[in-house]
Amino acid sequence: MDPVKAAFLQAVLNQGKDINQENFLPFFLAMQKNASERGITFTRQETDMIYEQMKNRLSPSDRKQLELLRMILQQNSGRSDSGPGSGRK
């Protein structure tokens, strides 16, 4: 993985480790926006790995919301090999 992406993910994990379930989804959306603003994107494989890790921390209803968000973002990305946004891979 690109060192810039790895450093970004490590920072996000450090920031997010104490966030409760109720605030985790908004935190994730803010993280995603921050990455996009910085030109950081993730491949579909990387995104899938992130989602799988996140699902373990979410309630069943938040998991459904995350899956819906994931599908919407994948449709809007228009690419099968990348996550949301464009720029650094």
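Lys33 and Glu37 form a salt bridge, their closest N and O atoms lying 3.9 Å apart; the term covers a side-chain nitrogen of Lys or Arg within 4 Å of a carboxyl oxygen of Asp or Glu. This is a predicted model, so local features need pLDDT of at least 70 and side-chain atom pairs pLDDT 80 or more, while totals for chains, interfaces and linings use all residues. Residues are numbered from 1 along each chain as its sequence is written, and side-chain values use heavy atoms, with hydrogens and water left out.

Lys33 and Glu37 sit four residues apart in helix 2, so about one helical turn separates them. (Helices are DSSP runs of H or I, at least four residues, numbered from the N terminus.) Lys33 is exposed at 54% relative accessible area, and Glu37 is exposed too, at 59%. Here buried means under 20%, exposed over 50%, and partly exposed in between, with a 1.4 Å probe and protein chains only.

The structure holds two salt bridges. Another one joins the side chains of Lys5 and Glu46 (2.7 Å, N to O). This pair ties together distant parts of the chain, with Lys5 in helix 1 and Glu46 in helix 3, 41 residues apart. Lys5 is buried at 1%, and Glu46 also counts as buried, at 13%.

Then there's the greasy inside. The largest nonpolar core has 18 residues, and Phe8, Phe28 and Leu66 are among those with the most contacts inside it. Such a core is a set of buried Ala, Val, Leu, Ile, Met, Phe, Trp, Tyr and Cys residues joined through side-chain atoms within 4.5 Å. Helix 2 gives the largest share, six residues.

Terms used:
Helices (H or I, at least four residues) and strands (E, at least two) are DSSP runs, numbered from the N terminus.
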